[in-house]
Amino acid sequence: MSGHAGHDHGVSADADKRWLSLALALIVGFMAIEVTIGIIASSLALITDAAHMLTDAAAIVLALVAIKIAAKPAKGGYTWGLKRVEILSAQANGITLLLLAAFFVYEGISRLITPPDVDGRLVFFTALAGCAVNLAATWCIRRANRTSLNVEGAYQHILNDLYAFITTAIAGAIIWATGWGQADAIAALVVAALMLKAGWGLVKASGRIFLEAAPEGIDPAEVGRDVAAVPSVTEVHDLHIWEITSGQPALSAHVLVDAASDCHAVRSKISGMLHDEYDIEHATLQVDHDGAEDHCDEPHGEAYRSE
């Protein structure tokens, strides 16, 4: 069985905001320095890193705004509250990474063909400083709750920027030692590839939540069989499993029990099993006696019967 850790949107959300704010201060401070040096050194790799740091800052700001909005209580037509704003933030971060990657692939290929005169020494030392700043920012966000896809989106931005600085430092050392200017463009292409990988992962994960797919690691067929195996259950159908937001799985199902059973007692057993085995805390179960009447004209999905 695979469980999902719940995401506490109270105390942990406040801690998330503190760590994200500290990471934001580090990123913005260094980004201003790097833009200036990137222009002076004529380094696409440094400018790529600076642009990536700008998206890092935007990702963190977006994450902070999403945390604040998601904490608002459910009311009116928003019966789940605004928790999925966090997933919008994660998806925006993923799409931004993909678009930036496409731009830097184009620029990197152009500079491979016509390499500019790059100051390798300046690139090298700036990239080393960038590594230090991003290590500190990465450490800050690792302290936040990464079961939230929103926080994970910001973390992926920062982590990719750390890889970018490492790659840029290597390119700067090569240019400094050999004068081979294409190393700068190759570094930019490597960073773009990392951005593509991280961006696609975020878009895919957020897309699963928007499409109300079952959470990663939870097999609906396995859940259906486990519910059908609870004593007194005869059949389970209309089984739906989705995520309200990252780390908050929910389930609904129609459960039939034998005529002599107490529906309330069986429902309690099923809820306990779902909580203990799958970390599903929000389960809506319609429990009826088997054969009493036809409750579902068109049941959705597969039916699971006790053996």
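So, glutamate 212: you'll find this residue in the loop between helix 6 (182–210) and helix 7 (220–228). When I say helix, I mean a DSSP run of H or I with at least four residues, while a strand is a run of E with at least two, and both are numbered from the N terminus. Keep in mind that this is a predicted model, where local features need pLDDT of at least 70, side-chain atom pairs count only at pLDDT 80 or more, and totals for chains, interfaces and linings use all residues. Residues are numbered from 1 along each chain as its sequence is written, and side-chain values use heavy atoms, with hydrogens and water left out.

Back to glutamate 212. Its phi is near 55 degrees, which is a positive value in a residue other than glycine. With a relative accessible area of 45%, glutamate 212 is partly exposed; buried would be under 20% and exposed over 50%, with partly exposed in between, using a 1.4 Å probe and protein chains only.

Where does aspartate 279 sit? In the loop between helix 8 (263–278) and strand 3 (282–289). Aspartate 279 isn't glycine either, and its phi is positive, near 60 degrees. It counts as partly exposed, at 31% relative accessibility.
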